[in-house]
Amino acid sequence: MCLVACHVHVLAAPQPQPQSLLADYTHTAWGGLQGAPVDVMKFAQTSDGWLWMATAIGLYRYDGTAFERVDAVYGQRLRSNDIIGLMATRDGALWVGYRLGGASVFRKDGARHFTDADGLATGTVFHIEEGPDGAVWIASVGGLARLAPGAARFERLGREVGLPIANMYHVLFARDGTEWIGSAAGAFFRTPGAARFAQAWPHTALMSMAEGPDGTVWASDAAGRYYRLRTTPPPGNPPRPVVQASGLRFDRDGQMWLLRKDAIERQPDGATAPLPAQRLTVSGGLSGMLAQCFFQDREGNIWIGTSAGIDRLRRNRLRQLSTRLKFDHPAMIAGPDGGLWVGDDVNGTYRFAARGDSTGTLVDKGHFSAGYRAPDGSLWIAGADGLRRHGADGRVTRFAPPAAVRGAEVLALAQDGRGGMWVAFVGGALFRFDGGAWTPRGGLAALPPSRVMTMETDGEGNLWMGHADNRISVLAGGAGPDAGGVRHLGAAEGLALGRILGLQRDGNAMWLGGEHGTMLYRAGRFVALRGARGEAFRGVSGIVRTPDGHLWLHGADGIFHVDAASLSAWLDDPAREVAFERFDAQDGLRGHASQIGPLPSLVRTADGRLWFATAGAIAVADPARMHRNPLPPPVVIRSVTSGGRAYDAADRPTLALPQGASSLRIAFAALALSMPERVRLRYRLGRVDADWQDAVGQRGASYTNLAPGTYRFELTAANEDGVWNPQPAVLEIRIAPTFVQTRWFPLLLALGAALLLYVAYVLRVRAITRRLQERTEARLEERTRIARSLHDTLLQGVQGLIMSFDAHALQMPEGSPERARLERTLGLAGRLLLDGRDQIMGLRAPASPDELPRALHAFGMELAEYGGYAFELRVAGAVVPLQPHVGEEIYAIGREALFNAARHAGAGGMLLQIDYGSDAFLLRIRDDGQGVDEAVASAGSRPGHWGLPAMRERAAAIGAAFRLDSRAGAGTEIRVSVPADLAYPRTPRAHRRWWEGLRRFIGLSAARPPAARAARD
C-alpha cells in the first residue's frame, strides 16, 4: 500500500471577475411568433399593473401571459395608432403621444385629447415626462409644453425661459431637483429656484439623457455617442464622448446598461470598456437587432425593445457560479476557509472564495468524486486515483486505492469512531482504511452486499450507510473488526425510499433522501415528509437544516425550502402536509440534483450560502439575501362571455346579462410580470362556490345552469413568493329572469292545471250523468213493462175488491157509524190504488221543486186522520228540485217510513222534517210511539216484513246515509242524508260554489266565514 506526502503550492489567484450577465438574470425573448410587438419605441407601466408598449402600428399591452394590441384604453379610443411618446403617471393615468402631433391622457373615468388648440406644441411627440410636482412635460418637434397640475391648457416654454422654440427631444428631472432638456440645439438645465434655463456642455445636439447613481447626467448625440454633461465650461479641450451606444440607461441598483445595434450590455461599477461576459447578443438569444428602448418595471424586471421583438431580464434568485471551467458532474465540499471546493474527473479541485470570486484557485490536481470533513478539521478528497488528505497545516497526503478497485470512482467516504475511514466505490466495493491497510467490508460479515451510496455519522457516533436497495446499515460506535455490531433498518421500520441518496444528521434524528421521497428517522421509525398539493420531495440527494431551523432539499424536481415554522408544526404532527417553496429553472437552476453521484448535491458553507450541484453547473443562494418580490400581483376581471357574446368587464363594478342567461365564462388575469407561471389565482362566485377555487393552469372560470339573480364574483392572486393581494377584484353579475323564470309563471301553471282538472271533472260528471240517464231510461222501460203487467193483474183485482166492498157499504143503513167507517176505508183504499197505479206507471216523480214536500205532507195527513194522531211538516232551506231518481227514492222511503209509523208506532204525534242544505239533503221522520223492538232494530228487519230493508236498499242506491234510532217507549227516528253533489242537479250556483272553493285553495281570495256561506246558500 502506498502513502505519499507532499505539499501543494497554490498559485496566486487572478482578480475576481463579476458574474456574467446570464448568471444573474434569466432571459426570455418574444417575437412575432409569440404575438409580441416589434420595433417598440417606449414602455410604460400603469399603477394597475398593465405593461404598455408604443409602436408605429399601435398600442400594445401585456398581462404576464399574452400580448394584446388595443385600439382603446379604459374604453376610450386612441386618436392614432402611430405612437412614439408614452408615459404612466403616479395617479394611474396613461399618456400617449402621436407621431403626427397631439397627445391623449386616459383615465378609468374618461379621456382627454390635446392639440395645439390646447397649448400643446405641434409636431411629433418624442417624450412625455411627469415632474416632481405632478406637472406633465411634453417634448415635441414644435417645442416644449407644460401642463400644470389641475390646469386645462398646456403652457409653451421657449425663449422667455432660455430654451429653443423647436425640436425638443427629452426631459429629465434629476434627483437633486435640476431640470434637464435635450434638444437639437443642445442640452439645457435649470437648477431649483432658477427662472431660466442655461445651456450645458458640450454644445451639440443632444437627444436621449440618463442620470447615473453618482448624479452624472449622460446624453447622446445623433450618432449615438454619449457624453457626461457639464454645467460649467470644461477646462482645456471640449468634452469627448465616453461610450458609443444606441441607448444608455441605469437600473435601480445603479448598474449601467448599454443598448447596441446587435446586443445589450451591462457595465458593472461604471466600466465603459466592452465586457463579453456582460453581453447578450442576437446570436446568444436577443430577440432582434437595434435594441432601442429600456424599461424597468415595478417588480425589477428589465425590458428591452428591439426591431424584431421584446426581451425580458428577470433577476435570478439562484446565482450561477460563473467560471471559465466546464465541470462534468462536479463534487463539492465546504472548504476550511469558508469557501467551497469543487472538482470533477477532468479539472481537478478548485477553491472558490466566500464571495465575489468566479475564477477559482486550483488546490488539488487529482480526481474529485467524494469528500469528507474529518473531526480534526482535515479535508479528505477521493476519486478514481485514490484518497488525498488536506491537513489544516496545508500538508497533503495521498493514499493509493486497493488494487481490486483501482480506477473506480469513490461514491462516499466517512470516518468511524475508531478513526478508520470507510470508502464505498462504484460497483459495490466497500473498504475500511486504517493504519495504511484496506480491509474489505471492514471485516464485518453482517454488512449487506448491496452498494453503499452515502454515509453520515449520527449524534451518538454511529456510522450510517445508505444502500441502493432501500436499506440502512448502522455501525454501532464506529464498529471495527473487533468492536460493536451492525444494525439494519428497512421496510420493517417504515423505510420506503428505494435508492438512498442523502443522509443528514439533525440532532438526535436523521434525515434521509431517496429515489421516492424524503423521510426523517426518530424514535425508532421512519416518517415521510409530505408537501402541500401532494408533493413527495423525490430524488433528494442533498439535505441541509440551517441553524435557524429551515430545511433545504435538492432533488429531482428542483430545490425545496420548508420554513422553520411549517417544519416545526410537521414535527409535532407528521400526518400534516408542509408548506414549501420550489426553485427550478425559472429561478436560475440549470439541471437537477444528481441521482447516482457525486453526493451530496447540496452543501452549506460557513458564510451561510447554499451551493447546489447539477450535472454541469453549480448554483448558489444566500437565504439571508435572496431576491424576493414583496409586491402582490394586481388582478383584473377582463371579460364575461355568455350566449356566444363577450362583455367587457374590466374596470366596472357590475355587469347585467340578458334574460335567460344560464352559462357564462369569466376571463381574468393577474398582472404579474416576473413569474406569471408561479402566480396562484383563486376565485369564487357567490351563491355557487362555498369556498375559494384554485385556477390551476387557467385564466378563466366557467359556470353552467345558473338561476336568475345577482352573483358576486371575486378574484385574488399571490405572486411567486406567496404574497396575496389583500384587495380582490370584484364583479357583480346580474342575470334577469325570463317570463317562465318569474314567480308568476308557476302560479299560472297551477291555475292552468286547476282549469284542466276542472274541465276534466266537468267532462267526467257529464259522462256519469249520461250513464245514469241511460240507466234510468232502462229502468223506466222495465218499470213500464212491470206496471202494465201489474195493472192487468193486481190492480184489476184490487179494483174488483173495492167495488165489492162498495156494494156491501151501500147495503148498510145510511148514517150508521159502520157505513161511515167503511166508506172512509174505501176512500183510503181508492187513493192507495191511485197512488199504486201512479207509482207503477212512474207518474209520481215530482214535477216541481215543492211537489215532494206537498206529496209527503198529504200522505202523512191522511194517515194521521185515519190513525187519530197529530202530524207536522217542517221544511228548512230554499226548496230546490232533486235529481229525478233521488226524488223518487226519497219519496218512496218517506212513504214507507210514514206508513210503518202509522201502523206500528201507536204514536200520539209525528214529525216530518225536510232540510234542503247546501252540503246535504236531509229527510227526518220522528214519532213518540212505543219504539221498535230491540231485536228488530239490531237485525234491521222484522221476520216476514220488508219495509226496513227496502228503505236501506233505496238509500244505498242513491248514495245516501240511512240511520234508525229507537228506544222502547221513547219513539223512533229515521234519518236519510244525501250529499248535495248527489242530491241536486248541477246548477250555476253549484258551479260558483266549486269555483270559490278552488280560489280559496290556491289563495286568490279569503274563505268566507260559515255564517256568510249559510246566508249565501
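1. Helix H6 covers residues 884-904, and at 1.5 Å a residue its 21 residues should span 30 Å, which agrees with the 30 Å between its end C-alpha atoms; the expected span is 1.5 Å times one less than the number of residues. Helices (H or I, at least four residues) and strands (E, at least two) are DSSP runs numbered from the N terminus. Just after H6, glycine 906 has a positive phi of about 60 degrees.

2. This is a predicted model, in which local features need pLDDT of at least 70 and side-chain atom pairs count only at pLDDT 80 or more, while totals for chains, interfaces and linings use all residues. Residues are numbered from 1 along each chain as its sequence is written, and side-chain values use heavy atoms, with hydrogens and water left out.

3. By the salt-bridge rule (a side-chain nitrogen of Lys or Arg within 4 Å of a carboxyl oxygen of Asp or Glu), the count comes to 51. One of these pairs joins the side chains of arginine 175 and glutamate 211 at 3.6 Å, N to O. Arginine 175 sits in the loop between strand S17 (168-173) and strand S18 (179-183), whereas glutamate 211 belongs to strand S21 (residues 209-211), so the pair ties together parts that are 36 residues apart in sequence.

4. Phenylalanine 739 is found in the loop between strand S68 (729-735) and helix H3 (744-811). Phe739, Val740, Trp744 and Leu748 make a nonpolar surface patch of about 450 Å², where patch residues have over 30% relative accessible area and no salt bridge, and nonpolar side chains (Val, Leu, Ile, Met, Phe, Trp, Tyr) are joined within 5 Å; accessible areas come from the Shrake-Rupley method with a 1.4 Å probe.

Definitions and conventions:
Patch = residues over 30% accessible without salt bridge, like charges linked within 9 Å, V, L, I, M, F, W, Y side chains within 5 Å.
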